[in-house]
Amino acid sequence: MNDSANANSAVWRDFPRTVLRGVGQVMFQDSMWTGLLFLIGIFWGAYAEGLGVVAWGAVVGVVVSTLAGYCLKLSDTNGAQGLWGFNGVLVGCAFPTFMGNTIWMWLALILCAAMTTWVRTALNRVFAPYGTSSFTFPFVLCTWFFLLAARYMHGMPPEFESVPVMASETVGHLDMSFGNLVVYWLKGISQVFLINSWVTGIFFLAGLAVCSWRAALWAAIASAVSLFTIILWRGPAADIAEGLYGFSAVLTGIALGATFCRTGNWRTWIWSLLGIVATVFIQAGMNAAFAPIGLATLTGPFCIGTWLFLIPGYKMFAPKF
Amino acid sequence: MNDSANANSAVWRDFPRTVLRGVGQVMFQDSMWTGLLFLIGIFWGAYAEGLGVVAWGAVVGVVVSTLAGYCLKLSDTNGAQGLWGFNGVLVGCAFPTFMGNTIWMWLALILCAAMTTWVRTALNRVFAPYGTSSFTFPFVLCTWFFLLAARYMHGMPPEFESVPVMASETVGHLDMSFGNLVVYWLKGISQVFLINSWVTGIFFLAGLAVCSWRAALWAAIASAVSLFTIILWRGPAADIAEGLYGFSAVLTGIALGATFCRTGNWRTWIWSLLGIVATVFIQAGMNAAFAPIGLATLTGPFCIGTWLFLIPGYKMFAPKF
Amino acid sequence: MNDSANANSAVWRDFPRTVLRGVGQVMFQDSMWTGLLFLIGIFWGAYAEGLGVVAWGAVVGVVVSTLAGYCLKLSDTNGAQGLWGFNGVLVGCAFPTFMGNTIWMWLALILCAAMTTWVRTALNRVFAPYGTSSFTFPFVLCTWFFLLAARYMHGMPPEFESVPVMASETVGHLDMSFGNLVVYWLKGISQVFLINSWVTGIFFLAGLAVCSWRAALWAAIASAVSLFTIILWRGPAADIAEGLYGFSAVLTGIALGATFCRTGNWRTWIWSLLGIVATVFIQAGMNAAFAPIGLATLTGPFCIGTWLFLIPGYKMFAPKF
């Protein structure tokens, strides 16, 4: 009885740390300080965009999905590392971004955020035999269903009636002054949490750096390389300027360059750069595929890109554990 | 030789029972009486709708897919439990519902119904490592291909040129008198076999009850909860009135509440209710995703919803075998 | 050191054979002569169509993906059998067929062709537990992403703005004189490499015959049966005349009838014929599903059709190894 009470009080004492680590785990960092800086960046960016509700969604999402982990009595190790919360915080960012601010949207957000916790268990079980995990795909899959459902559920209406655009209309002119390129580059990082703000991008880089300079480096490289790639192949200017070709590649870059592959190896460098460039094409391809139903790809291109480079399981890139 | 002759005559003596159990297994009931009541409900509803051909399709479908099991010499145990027939009977309901009554439609129906038997073997092999099975997904997958093919094959024309509808046009007004709510609730159950008839819903509930009161209870609960959910979130009135937001949730409810989870446990109750509500959102999401190609989701949302709740394999919901 | 030098020179001496076997492996033939005849057929057909660039794409694709296998130090056995190249050669045919001839298209072709080599490792790992492999799906998956990406990347523009066509507009009149039927039948075979030429179809049949008369027979049967099927069900005349309902079925026919099932067995004959007919419906269904996004199915219908017939793993069709 006493033990259980102690355990319970320990849980609550550790709860804020667990929640903040959940925010940090979106970019693979098991650190509450990373999570805190990410969260500050989210609040800054959300309020700067006039969408403060997105930041509160993030808080609700990460708390709910972390609580779901406790309710389901999942492995404490996972919980302490923040692995229950990282899908939930993204659900919390996505819902108020794409749907109207109604009570029904919030109820759906809570259900969806909680769901990601057990959907993660399910998808990790599916990916385990292939030596990888589900990354942010529980968030992606569940959120796709809810965002699509919003078209038919007027209690949580979509924020905009997205109109599919044809390729020929999407080129536009991209202002390529140095200052603007830096802005696009930083927004490529901030869009990981669906935030369109270069200041937030700096907070995110700082958050990465406090935990792992390598992760910060690869986030910076990945955003730059993806920006370079999409400009070379002349992608749609408006989307480039908002960082929408960067965020998936940033996650692929951190995953391959700083997390799951052997580091300090020129082969891994090439492999990670290839993964980043491939993710840009997957991003553009999924954008085009989803345009007719007006759906956001979310971080789906990152998941697919990273799986295609990790599932082969080549020894030459395997970490030395 | 004599043994084989005996075995053969036993097969034919048991054939009607095997076929009827196939009908019953659509809702997880290994009982010929359930199957018989389901079949009566299908005939009643199909003729009441002026689509008697749907009922005959159901008979052909279940017989063909059961015969395919014999021809392929699959495990007798599966056969005796009706597990060869439940996908076929659904193929038989779907084809005449969505395609014109031509000789080529019937030939395609026979091919597709037979295919479900070996596609079930294939998909069960895929799902086996994850502790679950393919449910009605062999029917869903094969029928999707054939229904889509109908657009390009004028020998088996689609019954209607479905026009994608935008969200804003779909709200409509839902008559919420008590009598009408009961009708929607019963149609949510009858639509499991693509039948739009409240009388059929009663036959289906009765069929469930003769084999398992718990299955009947959860079918009733699931249809009510899904109706409540879609009304709260203000879904499209016309579809609600035809039970189109109920059928997948009904199957999820029977699967989680009365078949695959530990029963008599408050945790399972909550888990099953969450599964039912989640299935409603998955249904709405898939409706929206498929609207541009005018395809029916069939029981796909049930399969996805139930997988997401069973594949985690949490011990707290595991049956005590 | 000396050994390694010897090994290196052996690699380069064997390189042309390895590359040609890669071309042959598209239809499961481990033979450089098959590959050579295929390549001649591709050059003939591409130049006859006025699209010589397609043939050069094929050469670049197979060379790049084969080199990727060396760079990644994959199993020599796989390499010697041409298993690194068969996805790359198809990438090389598809890119100049569907995209404009720009430097960026060629760079993307090189990246995509190389990618298929490790994506094949990844997908084979996924399919291994189910007793089958990824076939040409690495090509299909990667090429889908790049073709879709072309809509948004003006550096590699799509060759045509494909307009989705409704079923009612697609019937048309099919000239069914004997000579024309032979042309459609041969084009069904040539379209395996996206070539629209009956002469190429003869080269391909000859290429198969020099390695395996059974493979040539089943290619011929499959193209004839798929032609017969799509005519019976009244598919779109223009596509039938270009062999677009044949190529996937041809691959399914060779896979089931001459490669992966027990041969010389009447059961396998029926099984293979069912697989061929099923592939025609899957082809039509995927054509309809992809029409709204104007995407080619590539050899996806072959992969799906063959998986559905091989993953069941029935002993009665299993090869006697």
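In helix α1 of chain C (residues 2–24), C:Asp14 and C:Arg17 lie three residues apart, about one turn of the helix, where helices (H or I, at least four residues) and strands (E, at least two) are DSSP runs, numbered from the N terminus. The model is a predicted one, in which local features need pLDDT of at least 70 and side-chain atom pairs count only at pLDDT 80 or more, while totals for chains, interfaces and linings use all residues. Residues are numbered from 1 along each chain as its sequence is written, chains are lettered from A and ligands numbered from 1 in the order in which they are written, and side-chain values use heavy atoms, with hydrogens and water left out.

**Salt bridges**

- C:Asp14 and C:Arg17 form a salt bridge, with the closest N and O atoms 4.0 Å apart; the term stands for a side-chain nitrogen of Lys or Arg within 4 Å of a carboxyl oxygen of Asp or Glu.
- C:Asp14 is partly exposed because its relative accessible area is 26%, and C:Arg17 is partly exposed at 32%, given that buried means under 20% relative accessible area, exposed over 50%, and partly exposed in between (1.4 Å probe, protein chains only).
- In chain A, a salt bridge joins A:Arg17 to A:Asp14, and the closest N and O atoms are again 4.0 Å apart; both residues belong to helix α1 (residues 2–24) of chain A and are three residues apart, about one turn of the helix.
- A:Arg17 counts as partly exposed at 31% relative accessibility, and A:Asp14 is likewise partly exposed, with a relative accessible area of 27%.
- In chain B, the side chains of B:Asp30 and B:Arg21 meet in a salt bridge at 3.3 Å, N to O; B:Asp30 is partly exposed at 34% relative accessibility, whereas B:Arg21 counts as buried at 17%.
- Over all chains, the structure holds six salt bridges.

**Aromatic rings**

- Over all chains, the count comes to 85 aromatic pairs, under a rule that pairs rings of Phe, Tyr and Trp (its six-membered ring) if their centres lie within 6.5 Å, and that takes planes under 30 degrees apart as stacked, over 60 as edge-to-face and the rest as tilted.
- The pair of C:Phe135 and C:Trp307 is stacked, because the ring centres are 6.5 Å apart and the planes stand at 25 degrees.
- C:Phe135 lies in the loop between α6 (103–127) and α7 (137–149) of chain C and C:Trp307 in helix α14 (residues 300–310) of chain C, so the pair ties together parts that are 172 residues apart in sequence.
- Both partners are buried, C:Phe135 with a relative accessible area of 4% and C:Trp307 with one of 11%.
- In chain A, one aromatic cluster includes A:Phe28, A:Phe127, A:Trp144 and A:Trp307 among its members.

**Nonpolar core**

- The largest nonpolar core has 360 residues, and those with the most contacts inside it are A:Met156, A:Phe193, B:Met156, B:Phe193, C:Met156 and C:Phe193; such a core is a set of buried Ala, Val, Leu, Ile, Met, Phe, Trp, Tyr and Cys residues joined through side-chain atoms within 4.5 Å.
- Not counting residues up to four places away in sequence, C:Phe193 touches several residues, including C:Val23, C:Met27, C:Phe38, C:Leu90 and C:Phe204, where contact means heavy atoms within 4.5 Å.

**Nonpolar surface patch**

- B:Trp213, B:Leu217, B:Trp266, B:Trp269, B:Ile270 and B:Leu273 make a nonpolar surface patch of about 650 Å².
- The elements that give two or more residues to the nonpolar patch are α10 (213–232) and α13 (266–290) of chain B, and the largest share, four residues, comes from α13(B).
- Patches are made of residues with over 30% relative accessible area and no salt bridge, with like charges joined within 9 Å and nonpolar side chains (Val, Leu, Ile, Met, Phe, Trp, Tyr) within 5 Å.
- B:Trp213, which lies in helix α10 of chain B, counts as exposed at 58% relative accessibility.

**Backbone at Arg234**

- B:Arg234 has a positive phi of about 55 degrees although it is not a glycine; B:Arg234 lies in the loop between α10 and α11 (237–241) of chain B and is partly exposed at 45% relative accessibility.
- C:Arg234 has a positive phi of about 55 degrees as well, although it is not a glycine, and its place is in the loop between α10 (213–232) and α11 (237–241) of chain C.

Note on methods
Areas by Shrake-Rupley, 256 points an atom, 1.4 Å probe, with all protein chains shown as cover.
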